[in-house]
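Please keep the sequence and the model in view while reading.

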Amino acid sequence: MGITPEIARRYIQDGHLVLVEHGAGQGAGVLDESFGEAGCEMVGSAWEADAVVTIGPPNETARSRLTAGAWLIGLLRPLDEPRAMRSLAGTGVTAMAFETLPRTTRAQSMDVLSSQATLAGYEMVLEAASRLPRIFPMMVTAAGTIRPASVVVLGCGVAGLQAIATARRLGAVVKGYDVRASAAEQVESLGASFIDLDVALQDPSTSGGYARRLSGDDSSRLLKGIERHLASADAVITAAAIPGRPAPTLISAEAVFGMRPGSVIVDGAAERGGNCVLTVPDRVVEVGGVTIVGPTDLEARPAADASRTFARNAYELFRYLNDPATDGADDEIRDGVTITRDGRVVHPQVRALMEASS
């Protein structure tokens, strides 16, 4: 859900008419009456509005209803589906995607990817804990001491760091790894151990805060190095992704076969092909006694909180874009999120991906 009654009131206080589709909040436990009480107008379709906030890219029917000159703000998958942006440009809308928002301090309040990744990291740990045939915390009982579970987190961006924090809160002993040099300090600040491998760590400031794909030699060393740590893990959480590219492989088949029976892998990159070579999106598979889970709905599970954070991020971006003071030729946020304008795909990275895929 791209809006909540609380955020709707803010749009209305700013002088805007808010249209909400009937049943839009049902999945998050918000009834139409709550939107009506907030001052919204309930409609059958909101795609014809002057500014549309959407969680996902519009389908063909929705695109046909868009108004030329309108704003379309949301998770539009421009880096994953660059060719689809040409069809979106043909509608005449100015499409703005959260996926290309600059990762700067000024843009933090608008960062949907980070807010949703935080929820995904939490959900991955709950998934692992529910499937592991043992508990996470250490317990001293009359029947003896139960040792704490060992958890390894691979990919320590926002989702991975939240997974570490959640696993630690549940009492597990946690290790984390990421190819970015800045991750080591962040992992250790959460009480986890950073895995030291024979792979040169990257400076993320040169790639928009994201990791870069490793060379063949570094990738081989990484797989071998990680394999040793997985052999003693009870649960493994993966959350490594590169925008516009398939998920990097971090867990080989050999590593899975070397893990203990009963251990669990939750692959948070399943939608992009998975960090484990044996992951099947939206399936639970068992290989040699190891359970591998490939969820693609992690952010949707805590629907109420996902909606609250998404709606707040969207409002902050809309308010920023609607401020004449930010409407300058050199504004990095406006330029960063704008994918289509005046019937053309204008984002340089998306244009390059379109050319590469044609």
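Ile 237 stands opposite Val 266, a residue of β12. The model is a predicted one, in which local features need pLDDT of at least 70, side-chain atom pairs count only at pLDDT 80 or more, and totals for chains, interfaces and linings use all residues. Residues are numbered from 1 along each chain as its sequence is written, and side-chain values use heavy atoms, with hydrogens and water left out.

**The sheet**

- Strand β11 (residues 235–238) and strand β12 (residues 264–267) run parallel and are joined by 4 bridges.
- Strands (E, at least two residues) and helices (H or I, at least four) are DSSP runs, numbered from the N terminus, and two strands pair if DSSP finds at least two bridges between them.

**Aromatic pairs**

- The structure holds 5 aromatic pairs, where rings of Phe, Tyr and Trp (its six-membered ring) pair if their centres lie within 6.5 Å, and planes under 30 degrees apart count as stacked, over 60 as edge-to-face and the rest as tilted.
- Tyr 11 and Tyr 315 form an edge-to-face pair, at 5.1 Å centre to centre and 90 degrees between the planes.
- This pair links distant parts of the chain, 304 residues apart: Tyr 11 lies in helix α1 (residues 5–13) and Tyr 315 in helix α10 (residues 303–321).
- Tyr 11 counts as buried because its relative accessibility is 8%, and Tyr 315 counts as buried at 4%; buried means under 20% relative accessible area, exposed over 50% and partly exposed in between (1.4 Å probe, protein chains only).
- Phe 98 and Phe 310 also pair edge-to-face, at 5.6 Å centre to centre and 70 degrees between the planes.
- Phe 98, in the loop between β5 (94–97) and α5 (112–131), is 212 residues apart from Phe 310 in helix α10.
- Both Phe 98 and Phe 310 are buried.
- One aromatic cluster is formed by Tyr 11, Trp 71, Tyr 315 and Phe 318.
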